[in-house]
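Hi,

Here is the model I promised. Please open it alongside this note.

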There are 2 protein chains.
Amino acid sequence: MKIGELAARTGVSVRSLRYYEQQGLLKPVRDESGYRDYSIFAEEQVRTIQLYLNLGLTTEQIAGFLHCVMKNKEAFCTEVFPIFRQKIAEIDAQINQLNHIKMNLEERMQSILDERQRDEMEEGK
Amino acid sequence: MKIGELAARTGVSVRSLRYYEQQGLLKPVRDESGYRDYSIFAEEQVRTIQLYLNLGLTTEQIAGFLHCVMKNKEAFCTEVFPIFRQKIAEIDAQINQLNHIKMNLEERMQSILDERQRDEMEEGK
DNA sequence: CTTGACCTTGACACTAATGTCAGGGTTTAC
DNA sequence: GTAAACCCTGACATTAGTGTCAAGGTCAAG
């Protein structure tokens with residue numbers, strides 16, 4: 001299957017497919033004229049890549065375990081667990097920071113409201 | 001005050017001070033030889049800029065309300081509220097997305113654990 | 001009057017995945 | 001045999017703030 005067909009089947013752009021290859025995620029063979037030739041497994045592989053990209057993993061991280069995920073041996077792929085744990089820890093840290101910022105912003109809004117209230121009181125006295 | 005002194009006082013790099021100026025956040029005058037000359041108010045202004053950058057606002061957003069925050073009239077600056085509200089909404093959306101991703105990752109880890117368990121059972125029977 | 005510390009502008013690098021364009025080769029259908 | 005549709009590589013742009021370098025002007029102390 002040529003790159004255009006794979007792109008059409010998966011909804012992933014030709015540009016991205018070439019990028020995944022460059023990052024070591026796909027390894028199509030080349031035909032006589034240099035065109036990429038993808039196996040039938042490439043389609044599932046691309047969907048898997050997209051899945052993990054959407055979960056916020058980088059192509060580098062995905063490259064670290066894609067080979068065993070594709071063999072349906074996720075369960076015995078020792079590379080998967082630490083990456084998932086690390087990602088979850090990152091997410092927790094991000095959520096914490098966002099909550100801090102949100103609270104800070106809310107405090108600021110509240111103090112503005114308080115100040116307005118005070119000013120209205122003073123005007124009215 | 002020249003740019004180096006302002007950088008030393010605030011802990012913000014010379015590079016960043018020039019960038020803030022380019023983004024319309026600072027407007028130092030120039031002396032005869034073209035050197036930037038900052039007023040004494042610039043120091044507080046820079047600290048304020050850093051505060052809001054750390055809260056995740058962009059220089060463009062900060063430029064939208066910095067003038068009135070600096071006059072200590074935050075309370076009557078109509079520009080502040082919608083920006084804060086928008087930022088809080090963005091943060092909520094980000095937290096939601098991160099939670100979805102986290103749950104997805106946890107489910108995946110759990111299903112790997114379950115699969116391992118199943119395989120161990122099968123081996124042992 | 002020279003040295004070193006400071007200032008100026010302009011430019012490129014970084015991150016990560018993707019869009020897009022240019023310039024050129026191949027294949028397919030008519 | 002030609003035009004359309006496809007493929008190739010390489011390169012630059014995007015975001016947003018900051019680091020860093022080059023090439024050069026200015027200033028203060030000795």
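Below is what I found, taken part by part.

This is a predicted model, so local features need pLDDT of at least 70, side-chain atom pairs count only at pLDDT 80 or more, and totals for chains, interfaces and linings use all residues. Residues are numbered from 1 along each chain as its sequence is written, while chains are lettered from A and ligands numbered from 1 in the order in which they are written.

**The two chains together**

In all, 23 residues of chain B are in contact with 23 residues of chain A. Contact means that the C-beta atoms of two residues, placed from the backbone, lie within 7 Å. On the chain B side, 12 of these residues are nonpolar, three polar and eight charged. Here Ala, Val, Leu, Ile, Met, Phe, Trp, Tyr, Cys and Pro count as nonpolar, Asp, Glu, Lys and Arg as charged, and the others, Gly among them, as polar.

**The DNA**

DNA strand C is surrounded by 18 residues. A residue is near a strand if its C-beta atom, placed from the backbone, lies within 6 Å of it. The closest to DNA strand C are A:Ser13, A:Ser33, B:Lys2, B:Gly4 and B:Arg36. Helix 2 (14-22) of chain A, helix 1 (3-10) of chain B and helix 2 (14-22) of chain B each supply at least two residues of this surface. Helices (H or I, at least four residues) and strands (E, at least two) are DSSP runs, numbered from the N terminus. The surface near DNA strand C has five nonpolar, seven polar and six charged residues.

DNA strand D has 18 residues around it, and A:Lys2, A:Gly4, A:Arg36, B:Ser13 and B:Arg15 come nearest. Two or more residues come from each of helix 1 of chain A, helix 2 of chain A and helix 2 of chain B. The surface near DNA strand D has five nonpolar, seven polar and six charged residues.

**Helix 3 of chain A**

Helix 3 (residues 42-54) of chain A has 13 residues and reaches 18 Å from its first C-alpha to its last, close to the 18 Å expected. The expected span is 1.5 Å times one less than the number of residues. Its buried residues are A:Ala42, A:Gln45, A:Val46, A:Ile49 and A:Tyr52. A:Glu44 and A:Asn54 are exposed, on the face turned away from the buried side. Buried means 20 or more other C-beta atoms within 10 Å of a residue's own, exposed 12 or fewer, and partly exposed in between, with C-beta atoms placed from the backbone. The buried residues pack against helix 1 (3-10), helix 2, helix 4 (59-63) and helix 5 (66-70) of chain A. Just after the helix, A:Gly56 takes a positive phi of about 90 degrees.

**One residue in chain B**

B:Glu21 sits in helix 2 of chain B. It counts as partly exposed, with 15 C-beta neighbours inside 10 Å. Beyond its neighbours within four places in sequence, B:Glu21 is in contact with B:Leu26, B:Lys27 and B:Pro28.

**From the UniProt record**

An unreviewed UniProt entry lists a "coiled-coil region" at residues 88-122 of chain A. Positions use the numbering here, feature names are shortened, and annotations may be inferred rather than shown by experiment. Over residues 88-122, chain A is 100% helix and 0% strand, with end C-alpha atoms 51 Å apart.

Best wishes
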